[in-house]
Amino acid sequence: MNTQLAGTGALLRLALRRDRVMAPVWILVVATLVLSLPGSLESVYGTAAERERLLATMTTNGSLRALYGPVFGDSIGALTAWRGGVFAGLLAGVMSLVIVVRHTREEEESGRQELLSAAMVGRRAPLTAALLAALTANAAAALLVTAGLAGRGAAGALALGLGIGATGMLFAALAAVAAQLTESARLAKGLTGAFIGAAFVLRAAGDAGAPDGGSALTWISPLGWLEHVRAFAAERWWVLALFAAASAAQLAAAYALAARRDVGMSFLPARPGPARGRLGSAGALAWRLQRGTLLGWSLGFLAAGVVFGGMTDGATELVGDNARTREIIERMGGQAGQAGQAGQGVLADAFLATMAGMLAMVAALYIVSAVLRLSAEESGQRAEPLLASAVGRLRWAGGHLAVAFGGSALILLLAGLGLGIGHGEDIGGAVAATLGQLPAVWVIGALAALLHGAAPRFAVAAWAVAGAALALGWVGPALNLPQAVLDLSPFAHLPKLPGGQDPSWAPFFSLTALAAALLAAALTALRRRDLAA
């Protein structure tokens with residue numbers, strides 16, 4: 001046996017055990033996103049004429065092509081690949097980067113990898129085990145997608161499943177390279193996430209200008225390769241070779257870099273300290289640590305708001321007189337449909353409300369990541385020296401929580417501005433629509449803070465809470481889930497804006513009060529427990 005790989009099996013079993021909750025949740029989210037589509041698409045585009053009209057509309061609707069990509073076939077399977085393929089690949093990429101960075105750079109950052117390396121563990125074993133854990137997760141997602149869509153066509157189901165899994169593994173290999181280059185797990189995730197975002201932007205820009213998806217920008221992006229597999233539409237199996245070649249090249253680079261550095265070191269050295277200025281408080285330190293991340297989220301939400309706002313007219317054109325699609329959008333947007341021209345205005349408001357709600361659900365991911373920076377500082381043993389000085393726990397935690405909660409308000413404000421600018425009407429109403437979802441975002445952030453304060457070992461479960469809220473809001477209305485199930489999400493209790501009726505203020509105050517109570521409980525628990533070892 002190669003001594004460089006000694007201990008890989010044991011490390012893989014450890015990784016799978018640590019991911020026994022997180023990985024299945026991610027796998028189910030990826031698979032459910034795809035498998036929930038055929039039934040709803042069949043009810044919306046049940047006849048050949050409706051599907052032909054959809055294809056004709058998408059040929060001229062560049063804004064929606066930027067979001068979903070071009071349509072390559074008129075079967076339900078092809079429409080499923082069109083609506084869910086790119087987003088499933090995107091989620092598979094995020095899942096993969098989380099798994100790989102968690103079992104490589106995070107292990108080194110915490111010091112556990114150095115202890116393991118002192119035993120019978122080969123130099124390449126940790127990286128190999130992390131990649132195998134990502135491969136297991138992506139293979140499981142691909143298998144579920146393939147099995148769930150096999151009735152629509154075995155070849156198309158296999159092509160879509162393999163495409164999603166291959167996309168996840170390509171970004172897993174990219175995360176492996178980033179873990180060698182950077183000095184922290186946060187930077188490794190940020191670098192890989194930036195590449196995933198760039199891949200989506202390149203694909204969107206290419207598809208917006210080319211109805212057949214033949215733009216050079218689309219072919220530069222791995223997410224563009226995924227749509228060009230053309231599942232259920234004369235599959236292009238050779239495109240999968242692009243994923244294999246790119247993944248192999250990145251894996252070779254990752255292993256070469258891993259062989260040339262010591263445990264805990266990186267090729268992009270850490271800065272020894274702030275280049276200028278001074279830190280006069282715990283809040284200033286929290287701002288210095290989190291300002292780069294907040295800037296990235298802010299720019300992303302502003303751009304997303306502009307794009308989604310510009311899609312409003314195209315979305316209403318695509319819906320046309322399709323009653324089922326109108327019903328889904330109106331249910332997600334909380335509007336009651338009307339007939340004629342007034343109904344088109346209601347539909348536009350419902351679409352804007354839907355986009356505002358979706359952006360708010362994604363903002364919940366930001367607030368969770370910002371709050372859990374407390375856990376990273378504590379587990380990385382950077383909080384203990386700080387708290388040994390005159391800084392108290394409440395001041396330390398309060399600085400990070402202020403950035404997290406204030407930052408979530410900022411990115412939703414910018415998202416609303418983007419929606420209003422993109423739509424070209426009623427910027428104030430668009431800002432009110434996004435900020436109106438803020439209490440629900442704060443509730444999820446407060447739950448993350450409570451988990452960190454009361455049970456730091458289970459703080460990672462906050463990601464599952466945010467993911468569940470996103471899944472309920474995304475696919476719940478399309479699946480026509482009972483209202484009792486949808487009400488499990490805090491977003492379901494807030495009025496959807498813009499709308500024709502004056503909203504009730506009670507839900508805003510109630511959720512804000514709930515968030516405040518959870519925060520108080522979180523800070524109380526943090527004061528009473530020992531710091532994590």
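This is a predicted model: local features need pLDDT of at least 70, side-chain atom pairs count only at pLDDT 80 or more; totals for chains, interfaces and linings use all residues.
**The chain as a whole**

- Of the 533 residues, 51% count as buried.
- Among contacts with a separation of 6 or more, 75% are between residues 24 or more positions apart.
- The chain exposes about 22,700 Å², and carbon and sulfur atoms supply 65% of that area.

**Helices H6 and H10**

- A pair of packed helices can be described by two values, the angle between the axes and the distance between them.
- For helix H6 (residues 76-102) and helix H10 (residues 154-181), the axes come within 7 Å and cross at roughly 35°.
- H6 passes H10 in a right-handed crossing.
- On the H6 side, the contact is made by Ala81, Gly85, Ala88, Gly89, Ala92, Gly93, Ser96, Leu97, Val100 and Val101.
- H10 contributes Leu160, Ile164, Thr167, Gly168, Met169, Phe171, Ala172, Ala175 and Ala176 to this contact.
- Sorted by class, the residues of the contact of H6 with H10 are 13 nonpolar, six polar and no charged.

**Helices H21 and H26**

- Helix H21 (residues 393-423) and helix H26 (residues 506-528) have axes that come within 10 Å and cross at roughly 145°.
- The crossing of H21 and H26 is right-handed.
- From H21, the residues Arg393, Leu394, Trp396, Ala397, Leu401 and Phe405 take part, and they meet Leu519, Leu523, Leu526 and Arg527 of H26.
- The contact of H21 with H26 holds eight nonpolar, no polar and two charged residues.

**A closer look at Gly283**

- Gly283 is found in helix H15, which covers residues 282-310.
- Is Gly283 buried, partly exposed or exposed? With a relative accessible area of 31%, Gly283 is partly exposed, because that value lies between the 20% limit for buried and the 50% limit for exposed.
- Gly283 and Ala402 are 119 residues apart along the chain, and their C-alpha atoms are separated by 7.8 Å.

Key: Residues are numbered from 1 along each chain as its sequence is written. Side-chain values use heavy atoms; hydrogens and water are left out. Helices (H or I, at least four residues) and strands (E, at least two) are DSSP runs, numbered from the N terminus. Buried means under 20% relative accessible area, exposed over 50%, partly exposed in between (1.4 Å probe, protein chains only). Contact means heavy atoms within 4.5 Å. Accessible areas come from the Shrake-Rupley method with a 1.4 Å probe; for residues, only the protein chains shown count as cover. Axes are lines fitted to C-alpha atoms, for helices over the stretch in contact, and angles run from 0 to 180 degrees between N-to-C directions. A crossing is left-handed if the near helix is turned anticlockwise from the far one by less than a right angle, and right-handed if clockwise. Ala, Val, Leu, Ile, Met, Phe, Trp, Tyr, Cys and Pro count as nonpolar, Asp, Glu, Lys and Arg as charged, and the others, Gly among them, as polar.
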